[in-house]
Amino acid sequence: MLSARLSLALDDGLIHGPVQVIGAAGDIEVADLPAPVSFVSTTQPDHDRLVRRGLDVSVAPRDGMATQIVVLPRERARARDRIARAAAMGGRVIVDGQKTDGIDSMLKACRALGEVDAVISKAHGKIFAISDGDFSDWKAEPARTADGYWTAPGSFSADGIDPGSEALAEATGPLKGTVVDLGAGWGYLARRALESRDIAALHLVEADLATLDCARRNVDDARAAFHWADATAFTPPEPAAHVVCNPPFHKGRAGAPDLGRAFIANAARILAPRGTLWMVANRHLPYEAALNDLFGEIAELPGTNAYKLYRAARPRRAR
């Protein structure tokens, strides 16, 4: 775990205050870090969990730090961008990550560009210090896909339209009333749904701030409202007539089908009694039990070899 490697780094004198931790999980243990300590988090609900703990949290890195600890994310482009921005601000840069998140390949890449020392292995991961080097080419900015959509580095389907989302958009047809897009990403499903003039309001709910900022650029419609929020807990101003979603099923590199089930449970909670959930999922994911438990009417729509599509109506409240 991060705390185990951090303890060794502290013992070796690698960390001095003030400290900035970039990309920390909401439950990070940092009691022994030299004060002052601040955090950078652009992911819900980790950001709010850190805030509720009374910690100093922002959404962008700050200058003037003696030590910047970069917690390695799964996405390579996002990991490189974090390191580049931390390195540009001066101070010692500490990179920490699990083997499953690519820490070994990142260590090799950092050695090719700069001076790396004090490599510590512990708890199925590594932590190392970057003392010099030019990482400016690793900075990444939002860019347009071939289809003209803005996407953020490391976001889901950053290279173009996700085939599962495209299949769901084709299957739903025109929607009416209030619509909620849970896990809206950079806004493809919302933009397609808003082709219907009968939609009164559409709430895009996305946990990643950079991805949501791209959705704001992609969805130019007065009926759209953007929410940086946890899709498993979000409540719209009024019950929804429809929920659309392509729920994530990973946390880091680990499969997490419970996350998709949490999306389904929240959809049932926020839908009106006659509301409908429209959902796409990879064929191997076991969501049928959750759908049958939380909805009175389930229909599998024609899908593809890779994706299954569902229409679920008559929501029951989660027991």
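# Reading strands, a helix and side-chain pairs

Tutor: Four bridges join strand S1 (residues 19-22) to strand S4, and the two run parallel. Strands pair if DSSP finds at least two bridges between them. Helices (H or I, at least four residues) and strands (E, at least two) are DSSP runs numbered from the N terminus. This is a predicted model, in which local features need pLDDT of at least 70 and side-chain atom pairs count only at pLDDT 80 or more, while totals for chains, interfaces and linings use all residues. Residues are numbered from 1 along each chain as its sequence is written, and side-chain values use heavy atoms, with hydrogens and water left out.

Student: Which residue of S4 stands opposite Ile22?

Tutor: Val70 in S4 does.

Student: How many bridges join S4 to strand S5?

Tutor: Five, and S4 and S5 (residues 92-98) run parallel. In this pairing Thr67 stands opposite Arg92 of S5.

Student: How many of the residues of S4 are buried?

Tutor: Buried means under 20% relative accessible area, exposed means over 50%, and partly exposed is in between (1.4 Å probe, protein chains only). In S4 (residues 67-71), five of the five residues are buried. Thr67, Ile69 and Val71 point one way, Gln68 and Val70 point the other way, and all are buried.

Student: Now a helix. Which residues of H5 are buried?

Tutor: In helix H5 (residues 163-172) they are Gly164, Ser165, Ala167, Leu168, Ala169 and Thr172.

Student: What covers the buried residues of H5?

Tutor: Cover is read from contact, meaning heavy atoms within 4.5 Å. For H5 the cover includes H6, strand S13 (240-245), strand S16 (271-282) and S18.

Student: What is found at the start of H5?

Tutor: A polar contact is a pair of N or O atoms within 3.5 Å; within protein, one must be able to donate a hydrogen and the other to accept it, and residues adjacent in sequence count only if both atoms are side-chain atoms. At the start of H5, a side-chain oxygen of Asp162 comes to within 3.2 Å of the backbone nitrogen of Gly164. After H5 comes Gly173, whose phi is positive, near 70 degrees.

Student: How many salt bridges does a search of the whole structure find?

Tutor: Side chains of opposite charge can pair when their charged atoms come close. The cut-off for a salt bridge is a side-chain nitrogen of Lys or Arg within 4 Å of a carboxyl oxygen of Asp or Glu. The search of the whole structure finds 14. In one of them the side chains of Asp104 and Lys126 meet, at 2.6 Å from N to O. This pair links distant parts of the chain, with Asp104 in helix H4 (residues 103-113) and Lys126 in strand S7 (residues 125-133), 22 residues apart.

Student: Are Asp104 and Lys126 buried or partly exposed?

Tutor: Asp104 is partly exposed at 35% relative accessible area, whereas Lys126 is buried at 14%.

Student: Where do the partners Lys308 and Glu288 lie?

Tutor: The side chains of Lys308 and Glu288 meet in a salt bridge of 2.8 Å, N to O. Lys308 lies in strand S18 (residues 307-315) and Glu288 in helix H9 (residues 288-294), so the pair ties together parts 20 residues apart in sequence. Lys308 is buried, with a relative accessible area of 4%, and Glu288 is partly exposed at 31%.

Student: Which residues are linked in a network of salt bridges?

Tutor: Asp81, Arg85 and Glu141 are.

Student: How many aromatic pairs does the structure hold?

Tutor: A pair of aromatic rings is described by the distance of the centres and the angle of the planes. Rings of Phe, Tyr and Trp (its six-membered ring) pair if their centres lie within 6.5 Å; planes under 30 degrees apart count as stacked, over 60 as edge-to-face and the rest as tilted. The structure holds four such pairs. One of them, Phe135 with Trp138, is edge-to-face, at 5.3 Å centre to centre and 65 degrees between the planes. Phe135 is buried at 2% relative accessibility, and Trp138 is buried at 9%. Tyr149 and Trp186 form a tilted pair, at 4.9 Å centre to centre and 45 degrees between the planes. Tyr149 lies in the loop between strand S8 (143-144) and strand S9 (150-151), and Trp186 in the loop between strand S10 (177-182) and helix H6 (188-193), so the pair ties together parts 37 residues apart in sequence. Tyr149 and Trp186 are buried.

Student: Which residues form one aromatic cluster?

Tutor: Tyr149, Trp186 and Tyr188 do.

Student: Where does the charged end of Arg217 sit?

Tutor: A charge sits over a ring if NZ of Lys or CZ of Arg is within 6 Å of the ring centre and within 35 degrees of the ring normal. The charged end of Arg217 sits over the ring of Trp150, 3.6 Å from its centre.
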